[in-house]
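Reader: Please take me closely through one part of this structure, and start with some background on the whole chain.

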Amino acid sequence: MYDNFFRFIKEIHYIIYTRLSKEEQGKSREDQSRSIKNQITVCQNYMEEEKRTYPNCIFKEVAILKDDGVSGTTFNREDFHKLVTLIEQKQANMVITKDLSRLGRDHIQTDDYLEKWFPEHNVRYVSVMENIDTYVDSISNEIAPIINWSNENFARQTSKKIKKTFKEYRKDGKWTGGEIPLGYRKDPHDKYHFMIDEQGKEIVERIFHLALNHNSLDKIVKILTEENVPLPSAIKKNKRKLNINMWSTKTVKSILQNEMYLGHMVQGKTTRLNHKSKKIIYLEKANWDIVKNTHEAIIDQETFQNVQLLLKANKNKTIHSYDYLLKGLIKCKECKHSISIQSYPKRKACYTVCNYYRKYGSKKEVCTAHRFNYLELEKLVLTQIKEDCFKYLDKDKLMEILTNYQEHLPIIYDIKRNIEKSKQEIRKLDNQIKEIYNDKLEGIITKEQYQNITKSKYETLEYEKKKISRYQNQLKETEKNNQKQNEKKIIQEVLSLNNKLLILNLIDVIYLGQNGHIHIYYKIQKPYQ
Ligand SMILES: [Zn+2]
């Protein structure tokens, strides 16, 4: 939206202007500098974003101006004069402040700068907080005079400012408070940082493990309750929450979906409408503050992703929570709603049904039943998947792996033991030969006797050496074979397709038409390649 502006101006020379009034000054010097520092950080972050958005434009920071301990009701401030001078000397064409009240609290004079003086001097003015940019046609610009006028409304501004500071902390991946997830505790040396809490960590790992092994949320709750696993509130000694004394699917689910366990700091999921409102608004994920790798992870990426797949697939759970292989993956081709699987235990049958039809079909004329025998459908789908996969598999290589597999080779441990035996035998023979040689030197036996005895010893020695080399070949073969055995296991798993995780990783969606036709959409272009 700045494109018009940047077509004419290729270089931005900007001034960051900050101000701290006497009444806003904290008790310590440290607080003051922090506040000025924070204003600078907010402005600099904004400019960094601008630089990224407009890489062809040249940005230059002309000055960072600070009026410390001067009220906003007067424009008679030392550094503000510097700002005016720099602009009059055409050394700057942009001014940025954290909020409008930094520029001034006297609304008539501030309006003057905003609407007359800056435009007359071709200066772009940006206030980060109120989203004011004098070069952009935005609603904020039109309400700028109103914000200006109401700057006496401190409460609102203050609340916004606190929010902004928290936002800055969160952008740095610093913990700004709230409930710490189970498995972590605050670092005693750094209040913005997490450390592992061993007891909690074990429970989190257990919950992920249970989920990965296809246990439903209800089942996990049941297991945790039966095993008397302490609740997060008990571990964290959170007195406010002690009235909750049962594991719930909600608690378990929130643990399974918490990306903090990957080692990322995830904050800013909620906000309030304004400073007066108590109502909490849940934000879209795109607006969360996520900073990666801020603390030690408890769960690895692959496990986390697989658990999310399983959670998603089990979302539309029916009472009969038998985990059908294709549950959660089938959609109606006609109306795009999901297809449920209804089971009738008495008749030992289960059928598909379009959810949209099930809900409204009898009242309105929407969609059709899409009623098919589920198990037949599953067979059909699996056959189709296998066919699709074989298109991309190297069949020859596959067959080679399957046929060259020898069932009865000695196990590695036995071969190694045989090698060791032969080596011992060789050492023994070596020593015997040495002794016989000594006997010969001392004249105990004659040269002929020596040759006769050692001849057979040397023969045995050679025999043992050959044995070792044969064992070593055997060892290589067996190791290769074991590797093939693993490959075979994987191939068999793929061929039988009875692993739900495999299906979930493979298939995006299956569309079921009212004529019974199926269309499978894969997550990957070429399966198994
Ligand atoms: Zn439908």
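What percentage of the 529 residues of the chain count as buried, and which protein donors does the zinc ion have?

Author: This is a predicted model, in which local features need pLDDT of at least 70, side-chain atom pairs count only at pLDDT 80 or more, and totals for chains, interfaces and linings use all residues. Residues are numbered from 1 along each chain as its sequence is written, and side-chain values use heavy atoms, without hydrogens or water.

Of the 529 residues, 40% count as buried, meaning under 20% relative accessible area, with exposed over 50% and partly exposed in between (1.4 Å probe, protein chains only). The chain has 18 helices and 16 strands; these are DSSP runs numbered from the N terminus, helices being H or I of at least four residues and strands E of at least two.

Now the zinc ion. Its protein donors are the SG atoms of C332, C335, C354 and C367, at 2.1 to 2.3 Å. Donors are N, O and S atoms within 2.8 Å of the metal (3.2 Å for Na, K and Ca); water is not among the atoms, so sites may look incomplete. Along the sequence the donor residues follow the spacing C-x2-C-x18-C-x12-C. C335 sits in the loop between β12 (330-332) and β13 (339-344), and C367 in the loop between α13 (355-360) and α14 (374-392), so this pair ties together parts 32 residues apart in sequence. C335 is buried, with a relative accessible area of 19%, whereas C367 is partly exposed at 26%.

The angles among the 4 donor atoms run from 96 to 121°, and the site is tetrahedral, a label given to four donors if all angles lie between 85 and 135 degrees.

Key
Four donors count as tetrahedral if all angles lie between 85 and 135 degrees; four count as square planar and six as octahedral if opposite donors are over 155 degrees apart and all others between 65 and 115; anything else is irregular.
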